[in-house]
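Me: I have a new model open and would like to go through it piece by piece. Can you help me read it?
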Amino acid sequence: MKEFEVYSSLKVPKNSKIIVRLDGRSFHKLARDLKLVKPYDDDFYEVMSKVCRDLFEEFSAEFAYSFSDEISLLLNNVPFEGRIEKINSVMASFAASSFVMHYDSEFKKPPAFDSRIIPITDEDILGYFKWRQDESWRNCVNSHGISYLKSKYSNAEANDKIKGMNLSDIHEFLFENGINLNDVENYKKRGIAVYRKNKKVIGFNKKANKNQTSYRSYVYTDWQLPIFTEEFFKDIKVIQ
Ligand SMILES: Nc1nc2c(ncn2[C@@H]2O[C@H](COP(=O)(O)OP(=O)(O)OP(=O)(O)O)[C@@H](O)[C@H]2O)c(=O)[nH]1
Ligand SMILES: [Mg+2]
């Protein structure tokens, strides 16, 4: 019967890096059920950052980036011999379990994530993460815009009003009403990331009878991301 498992041999291209993007399933409902603060809930972001960290460590990732209910994980060492079904199903279920483990709450329904795989070359890594970071900014403007409008108008009116506005209209409109989006917390505009950093360790070498400096890497969650540039990814050694 093994021949019926027709997708099991589907693999990512050999020697390719991949990005796995996970996205919360129907998290607008989950947000309602858990009464998440609108537009940004600090506890939710704290939990998502821990899910990122768990994924990063479990799958020895190079870089993880998250905003809203999505996580992108860059992998150099592709697990499960590159088997698509295995990667997608394990990553999505691992993320959902991690999410539940870190959330101190009663769920109405089991949370789930979807998962997709994007083969990527070094030249496209910056472009990919810039694309997601731009989306984070769009999400920041839109969600602040709709939250403000809903505090003034009915839901239907608010939805109607925002439809006719582009990003800079919303930005301007919020500014006129005393909300300067440039002042909101960095993570709301630019998202959060997990990657390895080096720290300097000074230890005493008994044999040489002197202090010696070495570097040890540790996993770092960055809540103060810059706008992504080539320099940023080169500095953290994600690209050469
Ligand atoms: N209140 C609140 N909601 C959030 C927050 N972050 C994410 N969300 C919700 O998560 C949703 C994520 O958007 P989508 O992924 O497009 O929508 P979804 O409902 O998850 O639908 P699918 O991904 O298609 O299953 C947002 O629309 C919000 O409703 C937050 O900090 N606060
Ligand atoms: Mg979603």
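Me: How do helix 4 and helix 5 cross?
Reply: The axes of helix 4 (residues 122–152) and helix 5 (residues 155–163) come within 8 Å and cross at roughly 140 degrees. Axes are lines fitted to C-alpha atoms, for helices over the stretch in contact, with angles from 0 to 180 degrees between N-to-C directions. Helices (H or I, at least four residues) and strands (E, at least two) are DSSP runs, numbered from the N terminus. That angle makes helix 4 oblique to helix 5; under 35 degrees is roughly parallel, over 145 roughly antiparallel, 65 to 115 roughly perpendicular, and the rest oblique.

Me: Which residues make the contact?
Reply: Helix 4 brings Gly145, Ile146, Leu149 and Lys150, and helix 5 brings Asn155, Ala158, Lys161 and Ile162. Contact means that C-beta atoms, placed from the backbone, lie within 7 Å.

Me: Is this predicted or experimental, and how is the numbering done?
Reply: This is a predicted model, where local features need pLDDT of at least 70, side-chain atom pairs count only at pLDDT 80 or more, and totals for chains, interfaces and linings use all residues. Residues count from 1 along each chain as its sequence is written, while chains are lettered from A and ligands numbered from 1 in the order in which they are written.

Me: Now the sheet. What is the strand order?
Reply: Six strands form an open sheet in the order 4-1-3-2-5-6, with antiparallel pairing; strands pair if DSSP finds at least two bridges between them. Strand 4 (113–120) and strand 6 (210–222) are the edge strands. The twist averages 20 degrees from one strand to the next.

Me: How many bridges join strand 1 to strand 4?
Reply: Eight. Gly24 stands opposite Phe113 in strand 4.

Notes: Two residues are in contact if their C-beta atoms, placed from the backbone, lie within 7 Å.
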